[in-house]
Amino acid sequence: MTKEVIAPHAVERLKGLRSQGSHEGIFTSDLSVNEFVMVRKAEFEPLGLVVGSCIYHMGIQYGSWNQNMEMDVLSQAMYQARELAMSRMEQEAIILQADGVVGVRLEVKRMEWDQDILEFMAIGTAIAHRSGVPGFKGVGGKPFTSDLSGQDFWMLLEAGYRPMEMVMGSCVYHVAHQGVLRSMGNIGRNTELEQFTQAMYDARELAMERMQQEAADAQADGITGVQLHEGSHNWKPHVIEFFAVGTAVKAMEDADTRVDALRPQLVLPVND
């Protein structure tokens, strides 16, 4: 199945949702009430919840017991599977004629029937500008993707920037084991485990570097809301994934004027 193919029932579901410029059908959304209000305040309308899924079989790769090294087979698998899920979510947004997708979540879970099979899911809310103003699409004229909340999306536009696409970098890394003699020599001592430090440092930097390269390829000005995740996904001990993700943004023509016009406001919470 190619990345453009989406489930037939998804197509049927999308037919019952609103498309850009239409008030027929309903909208669905995982936005909170506050996010919904702020998205509409930004002059965008939610169209529908869009989803992409990919069930992926992970390849086999063995790391050297005493060597720090990237598990490039697994790195490639994690990256490609997420890309497939994202592309199918984008395809649903295209069917709705959306300008973009906000609040995107990327989820990974292991299938119970096989330890080498993972499901990758991308979920977000497709939105479109209320008056159909052009210029909000992302890279290549496709709907932009963003993990920004509704409030952050509104603030980003108020500051004169627009989201381009959700960018990410992945690195699956084998952290070398310590020898028995060295482990025994550390008992009762305060000491840095330099081999472990270097492994974690290198792996994070590889993930960050790949995320930054995606933003550069998108001709973005920068990345907001960067998050660094770590997870083992029940792999063998000493194998861990570092995943960097954020939203690539680009300045609009009046960015300097708009950001200079912003004024901080004092807000007093009324909750206990």
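Glu-214 is buried (under 20% relative accessible area, with exposed meaning over 50% and partly exposed in between, for a 1.4 Å probe and protein chains only) yet has no salt bridge. A salt bridge here is a side-chain nitrogen of Lys or Arg within 4 Å of a carboxyl oxygen of Asp or Glu. The nearest side chain of opposite charge to Glu-214 is Arg-210, 9.6 Å away; Lys and Arg count as positive and Asp and Glu as negative, while His and the chain ends are not counted. Glu-214 is placed in helix α6. Helices (H or I, at least four residues) and strands (E, at least two) are DSSP runs, numbered from the N terminus. Not counting residues up to four places away in sequence, Glu-214 touches Tyr-79, Glu-83, Glu-165, Met-166, Val-167 and Met-168, where contact means heavy atoms within 4.5 Å.

The model is predicted, so local features need pLDDT of at least 70 and side-chain atom pairs count only at pLDDT 80 or more, whereas totals for chains, interfaces and linings use all residues. Residues are numbered from 1 along each chain as its sequence is written, and side-chain values use heavy atoms, with hydrogens and water left out.

The Asp-147 side chain makes a polar contact with the side chain of Thr-247 at 2.6 Å. A polar contact is a pair of N or O atoms within 3.5 Å; within protein, one must be able to donate a hydrogen and the other to accept it, and residues adjacent in sequence count only if both atoms are side-chain atoms. Leaving aside neighbours within four places in sequence, the contacts of Asp-147 include Gly-103, Val-104, Met-166, Gly-225 and Gln-227.

**Salt bridges**

The whole structure holds 10 salt bridges.

| Pair | N to O distance |
|---|---|
| Arg-130 and Glu-45 | 3.3 Å |
| Arg-105 and Glu-107 | 3.3 Å |
| Glu-119 and Lys-109 | 3.7 Å |

Arg-130 lies in the loop between β4 and β5 and Glu-45 in strand β1, so this pair ties together parts that are 85 residues apart in sequence. Arg-130 is partly exposed, at 45% relative accessible area, whereas Glu-45 counts as buried at 17% relative accessibility. Together with Asp-30, Arg-105 and Glu-107 are linked in a network of salt bridges. Glu-119 counts as buried, with a relative accessibility of 11%.

**Strands and sheet**

The chain has seven helices and eight strands. Two strands pair if DSSP finds at least two bridges between them. Strand β3 (residues 100-110) pairs with strand β4 (residues 117-129) in the antiparallel sense over nine bridges, and a hairpin of six residues joins β3 to β4. Val-102 stands opposite Thr-125 in β4. On β3 there are also two bridges to β5, running parallel, and Gly-100 stands opposite Phe-144 in β5.

Strand β2 pairs with β6 (residues 161-174) over two antiparallel bridges, and the bridge partner of Glu-70 in β6 is Tyr-173.

**Positive phi in loops**

Glu-43, in the loop between α2 (33-41) and β1 (44-57), has a phi near 70°, a positive value in a residue other than glycine. Glu-43 is partly exposed, with a relative accessible area of 42%. Gln-219 also has a positive phi, about 60°, although it is not a glycine. Gln-219 lies in the loop between α6 (194-217) and β7 (222-231) and counts as exposed at 60% relative accessibility.
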